[in-house]
Amino acid sequence: QDRPQSAGFLNSVSLVWKLGSSGSRQFFFRVLGFAKVHSSAIIGYARSQLSNDDLRKRVAGYLKAEKNALQDGKSVTSKFLNIITYVSGPYDSKVGFEQLESAIHTREIVEMEGPDSDQSTRRLFYLALPPSVYPLVCKMIHENCMNKHGWTRVIVEKPFGKDLSSAEELSRQLGELFTEDQLYRIDHYLGKEIVQNLLVMRFANRFFVPLWNRDNIANVQIVFRENFGTEGRGGYFDEYGIIRDIIQNHLLQVLCLVAMEKPVSVNPEDIRDEKVKVLKAVQPIKDEDVVIGQYEGYKDDPTVPDDSNTPTFATVVLRINNERWDGVPFIIKAGKALDSRKAEIRVQFKDVPGDIFKCNKQGRNEFVMRLQPSEAMYMKLTVKKPGLEMGGTQSELDLSYRERYQDVVIPEAYERLLLDTIRGDQQHFVRRDELKVAWEIFTPLLHRIDCGKIKCSTYPQGSRGPPESDALAQRVGYKRTIGY
Ligand code: BG6
């Protein structure tokens, strides 16, 4: 495809990765469909000994282009695979990174001498690595591979640290090497269609503007469910647990967009300023507002210690102390090995005063945004029961993206965020101060869990999680709908 306007195409991308680690990398290859393939290069760097062809074969399995698609008479897939090369080397070897630099440079010279060249080049390093080696690899990149003819940007994946002090240390180390506008802390939830829609939906609709506050909203739930367990990632997962893996980053980012005040503009810094403000208003988490659980069978994974207290499920009630949200609980829930795979935001409104139709009995108004599967937004509301009777029943106003936007391909989150990186747009990336406040919120709770002061209950695989979680949501005011 042609690159979209304003996307500076890439001349070189270095993927420094741990082979076999991250499923996200498949999107990387797809997004480069937006770049001018013939003037881009993807250079893999990892420890395994591989030939260019070995890597191309691995990548081929992830490509989504139609097998027989042609461009200028040539197969799109093979054109794309041809821009991929590989350099093998350790993370701590100057020689290895010099070889990487030489591979990048050789490719760039060809480009800079080309007839279309504007004499500048762009370098994007994507670190799909354990965070423990970020400082080392970043130092190697900084010493050996910085671009002298254009920008250098580095994408890092979470987890950014394990708690406030380790995150601060990581930020400090990376901050000595790269400026904030060179560093892209990716949180792929910020690239999801419905998450990106939150700001537009909230601030471009008169419907919502006057209702979005403590006077009308009873509670907000932000829920992530997966119907599979840690699946071979037990060793990694056990060090982190569901709060660090999902809640402190993905769901907290969603909360920011649900709860923040209107930014003065759509400028990335204005938006991120508001996100930081709302995070600063989140109150310390009390033990009574927390339920943690571990699914039965989690410890069967040989890489998980027998005495592990690492939660695979957590419900945490967050309270925001500001004029808009005082008294409204934000119920944040995430779990693995549950009964379904779903991520949604559920805003539940207060009861109707003077309820002549007994509608409060059937269920409250709710506005639900489903992030996945099948993006949708729907409103649950009371209507007259169709037919001769006069009475209320619960129904929905439903905007299902698949039906409404049949001709639109909704991009994968990574696809969009990688394109943003190429364009230099940091709106959907986590700023350093944002990260710090996010850790400030969760670190005391995490330490209480890590030292066993709060214990996991167990729950059967394929269930809704520990029953205490539903009880907690109801205790803080969530009313389950009967009529839906
Ligand atoms: C990752 C977590 O960040 O997000 C995984 O590390 C989780 O544990 C994944 O499975 C979920 O992403 P998505 O987009 O499938 O909801």
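This is a predicted model: local features need pLDDT of at least 70, side-chain atom pairs count only at pLDDT 80 or more; totals for chains, interfaces and linings use all residues.

**The ligand site and its surroundings**

Reply: The side chain of arginine 364 comes within 3.2 Å of the backbone oxygen of glycine 477. Arginine 364 sits in the loop between helix 10 and strand 14 (366-372). Its relative accessible area is 10%, so arginine 364 counts as buried, the cut-off being under 20%.

Now the ligand. The shell around the ligand has 13 residues, and the closest are Tyr189, Lys192, Glu226, Asp245 and Gln372. Helix 8 (residues 234-259) supplies the largest share of that shell, three residues. For lysine 336, an N or O atom of the side chain is 2.8 Å from a ligand oxygen. The ligand taken alone exposes 400 Å², and the protein buries 80% of that.

Two residues already named also take part in cis peptide bonds. Lysine 158 is joined to proline 159 by a cis bond with omega of about 0°, and proline 159 lies in the loop between strand 7 (152-157) and helix 6 (164-177). Glutamine 372, one of the closest residues to the ligand, is joined to proline 373 by a cis bond with omega of about -10°. Proline 373 belongs to the loop between strand 14 and strand 15 (376-384). Most peptide bonds are trans, and most residues other than glycine have a negative phi.

Serine 374 is in the loop between strand 14 and strand 15 and has a positive phi, near 55°. With a relative accessible area of 26%, serine 374 is partly exposed. Glutamate 231 has a positive phi as well, near 40°. Its loop runs between strand 9 (217-225) and helix 8, and at 59% relative accessibility glutamate 231 counts as exposed.

In helix 7 (residues 193-203), eight of the 11 residues are buried: Ile194, Val195, Gln196, Asn197, Leu198, Leu199, Met201 and Arg202. In helix 12 (residues 413-423), 10 of the 11 residues are buried, so the helix is largely enclosed by the rest of the structure. Just after helix 12, glycine 424 takes a positive phi of about 80°.

On the surface, Ile356, Phe357 and Met390 form a nonpolar patch with about 390 Å² of accessible area together. Isoleucine 356 lies in the loop between strand 13 (342-349) and helix 10 (359-362), and counts as exposed because its relative accessibility is 70%.

As for the record, UniProt places the feature "domain: Glucose-6-phosphate dehydrogenase C-terminal" at residues 199-478, in an unreviewed entry. In the model, the end C-alpha atoms of that span lie 24 Å apart, and the span is 32% helix and 23% strand.

Notes:
Residues are numbered from 1 along each chain as its sequence is written. Side-chain values use heavy atoms; hydrogens and water are left out. Patches are made of residues with over 30% relative accessible area and no salt bridge: like charges are joined within 9 Å, nonpolar side chains (Val, Leu, Ile, Met, Phe, Trp, Tyr) within 5 Å. Accessible areas come from the Shrake-Rupley method with a 1.4 Å probe; for residues, only the protein chains shown count as cover. A salt bridge is a side-chain nitrogen of Lys or Arg within 4 Å of a carboxyl oxygen of Asp or Glu. Helices (H or I, at least four residues) and strands (E, at least two) are DSSP runs, numbered from the N terminus. Buried means under 20% relative accessible area, exposed over 50%, partly exposed in between (1.4 Å probe, protein chains only). UniProt positions are given in the numbering used here, feature names are shortened, and annotations may be inferred rather than shown by experiment. A residue is near a molecule or strand if one of its heavy atoms lies within 4 Å of it. A polar contact is a pair of N or O atoms within 3.5 Å; within protein, one must be able to donate a hydrogen and the other to accept it, and residues adjacent in sequence count only if both atoms are side-chain atoms.
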